[in-house]
Amino acid sequence: MPTAILTLRSEPFYRREAFADGLKRLGYTVELSDERITTRDATLPHPESRDDLLVLWNLKAGPQETKAREWERRGGTVLIAENSYLARVDKSAYAISVGGHCGSGWFPYDPTEDRFTPLGFPLEPHGAFNGHILVCGQRGVGSAEMASPVNWGGKMAIQLKTRYPNLEVRLRPHPGVTKPRVSLEDDLDGASLCVIWSSACGVRALTMGIAVVYQAPHWICADAARDKIGLWLPPLDPVPALNRMAHAQWSVPEISSGEPFARMKAANWGQA
């Protein structure tokens, strides 16, 4: 019987119970633990097969990432959970992928299945470039590959103000650092460009017809964005990227049913 070590915290924010229920429905023995299991001195059991899972919230550089890579080298699978990229109700869905987060990991994708439309976000037309630039700050939390540089948002805003002195550049702080004064939609209203490291704010920008530039090595909607800053960029069709994004996140009832884990297991966790 495969084992899943579930390190999500017990607070409602993390929906640990939904993850546990879904894995048990697939026949897993679920070992509940908090994130201290991935401290430097923690000892993890040896996985017996690829079906043995280590489930983490995000993937943080340091001891946690070291333990995750050790689990993978021994033949197990690491699942990364994080907040959903696009949802009408906060904490109603979560993203799940193998080995990485926000586009750096693997998840099953069927382009013939429309998972984006049911999310209820109508697409607005792409506007002309005559609005402000919105820079969305990051906390710097993530894997060694995906964590943003220190004060990336502030430095980027200064760089853009210097480069384009006649344009308004706004910096939106990460809500985990400083509570924003207005909603994301209000900050995006009238914007022509949204500049991110690897933020879900960019996903919402795409639905509002706003061009996105990302600067991380990966982003969940990279196929609909640019990785270099330019003012007059032709619009990219966001629909394929948004549908692919929607395949990476699951509602709480779907997680409780075990469906995302069943799909991943059927595809051998993304391994050939």
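# A tour from Cys221

Start by selecting Cys221, which counts as buried at 1% relative accessibility. Buried here means under 20% relative accessible area, with exposed set at over 50% and partly exposed in between, using a 1.4 Å probe and protein chains only. The model is predicted, so local features need pLDDT of at least 70 and side-chain atom pairs count only at pLDDT 80 or more, while totals for chains, interfaces and linings use all residues. Residues are numbered from 1 along each chain as its sequence is written, and side-chain values use heavy atoms, leaving out hydrogens and water.

**The cysteines**

Stay on Cys221 and show its sulfur: the closest cysteine sulfur is in Cys102, 8.6 Å away, too far for a bond. A disulfide is taken as a pair of cysteine sulfur atoms within 2.5 Å. Searching the whole structure gives 0 disulfides. Next select Cys201, which is in no disulfide; its nearest cysteine sulfur belongs to Cys136, 3.9 Å away. Cys201 is buried too, with a relative accessible area of 16%.

Now move to Cys102, in the loop between β5 (93-98) and β6. Helices (H or I, at least four residues) and strands (E, at least two) are DSSP runs, numbered from the N terminus. Cys102 has a positive phi of about 50°, although it is not a glycine. Its relative accessible area is 6%, so Cys102 is buried.

Select Asn58 in the loop between β3 (53-57) and α2 (63-73). Asn58 is not a glycine, yet its phi is positive, near 60°. This residue is buried, with a relative accessible area of 12%. Then go to Gly27, which follows α1 and has a positive phi near 90°.

**The sheet**

Colour the strands β7, β6, β8 and β9: in that order, these 4 strands form an open sheet with parallel pairing. At the edges are β7 (169-172) and β9 (211-214), each pairing on one side only. Two strands pair if DSSP finds at least two bridges between them. On average, neighbouring strands of this sheet are turned by 20° against each other, direction ignored. Axes are lines fitted to C-alpha atoms, for helices over the stretch in contact, and angles run from 0 to 180 degrees between N-to-C directions.

Inside the sheet, β6 (residues 132-136) and β8 (residues 191-196) run parallel and are joined by 4 bridges. For one place to look, select Val135, which stands opposite Val195 in β8. Contact means heavy atoms within 4.5 Å.

Select helix α1 (residues 16-25), whose buried residues include Phe19 and Leu23. In helix α6 (residues 239-247), the buried residues include Leu242, Met245 and His247. The buried residues of α6 pack against α5 and β10 (249-251).

**The largest pocket**

Finish at the largest pocket, with a volume of about 1300 Å³. Of its 44 lining residues, Asn83, Ser84, His174, Pro175 and Ala200 are the closest to its centre. The elements giving two or more residues to the lining are β4 (77-83), α4 (184-188) and α5 (201-207). On a 1 Å grid over the protein atoms alone, a pocket is an open set of points where a 1.4 Å probe fits, with protein on both sides within 12 Å along at least five of seven lines; lining residues have an atom within 4 Å of a point. Points are joined across faces, edges and corners, and the volume is the space filled by probe spheres set on them.
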